[in-house]
Amino acid sequence: MNILLQWLLNAGIIYGLASLLPSVTIKNFGTALLVAALLAVLNTFIGWIIRFPLNLVSFFLLSGLVRLVVAAILLKLIDNFLSDFEIKGFWPALLIALAISLAGSLIDRQVPTERMIQSGYVAVR
């Protein structure tokens, strides 16, 4: 359930920020769903390859910042693949990555997974 909720929320964030930011264009919500799915797949299979050397350089002290930068890089990579999605510049991609990250942490806080509950996680209310 969390994966579906996360996917829909990420697509909503991408679509919403595309309507707010003049440097981001997207055709429709279906394209936003595709971008969110591609971001998840690329982050799973390629993201760690990019994150690992950057984390080594920063001695794993800037891991959260590295994740944001890598997500922005992957969004720019998706921009190159899809003609219906365009980001002009790196800063809008970084802003979208930050919004997706914040929303993901809020969802994890409010709707913990079974694994989080079994490990003793208590939601902050």
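These legends describe close-up views of one predicted model.

Residues are numbered from 1 along each chain as its sequence is written, and side-chain values use heavy atoms, with hydrogens and water left out. In this predicted model, local features need pLDDT of at least 70 and side-chain atom pairs count only at pLDDT 80 or more, while totals for chains, interfaces and linings use all residues.

**View 1. The largest nonpolar core holds 31 residues.** A nonpolar core is a set of buried Ala, Val, Leu, Ile, Met, Phe, Trp, Tyr and Cys residues joined through side-chain atoms within 4.5 Å. Buried means under 20% relative accessible area, exposed over 50%, and partly exposed in between (1.4 Å probe, protein chains only). Ile 14, Leu 75, Phe 85 and Ile 96 touch the most other members. At least two core residues come from each of α1 (2-20), β1 (24-26), α2 (29-45), α4 (63-81), β2 (85-87) and α5 (91-110). Helix α4 supplies the largest share, eight residues. Helices (H or I, at least four residues) and strands (E, at least two) are DSSP runs, numbered from the N terminus.

**View 2. Ile 14 has contacts beyond its sequence neighbours.** Contact means heavy atoms within 4.5 Å. Neighbours within four places in sequence are left aside. Ile 14 then touches Ile 26, Ala 32, Val 35, Ala 36, Phe 85, Ile 96 and Ile 100.

**View 3. Tyr 15 and Phe 29 form an aromatic pair.** A search of the whole structure finds one such pair. The geometry is edge-to-face, with 5.8 Å centre to centre and 90° between the planes. Tyr 15 lies in helix α1 and Phe 29 in helix α2, so the pair ties together parts 14 residues apart in sequence. Rings of Phe, Tyr and Trp (its six-membered ring) pair if their centres lie within 6.5 Å; planes under 30 degrees apart count as stacked, over 60 as edge-to-face and the rest as tilted.

**View 4. Asp 79 and Lys 76 form a salt bridge.** The structure holds one salt bridge, meaning a side-chain nitrogen of Lys or Arg within 4 Å of a carboxyl oxygen of Asp or Glu. The closest N and O atoms of Asp 79 and Lys 76 are 3.5 Å apart. The two residues are three apart in helix α4, separated by about one helical turn. Asp 79 is buried at 12% relative accessible area, whereas Lys 76 is partly exposed at 23%. Leaving aside neighbours within four places in sequence, Asp 79 is in contact with Phe 85, Glu 86 and Ile 87.

**View 5. The largest pocket has a volume of about 720 Å³.** On a 1 Å grid over the protein atoms alone, a pocket is an open set of points where a 1.4 Å probe fits, with protein on both sides within 12 Å along at least five of seven lines; lining residues have an atom within 4 Å of a point. The volume is the space filled by probe spheres set on the points. The lining has 21 residues, with Gln 6, Asn 10, Asn 43, Ile 100 and Gly 104 nearest the centre. Helices α1, α2, α4 and α5 each supply at least two lining residues. The most, six, come from α5.

**View 6. Asn 10 sits in helix α1.** Asn 10 counts as buried, at 11% relative accessibility. Beyond its neighbours within four places in sequence, Asn 10 is in contact with Ala 36 and Ile 100.
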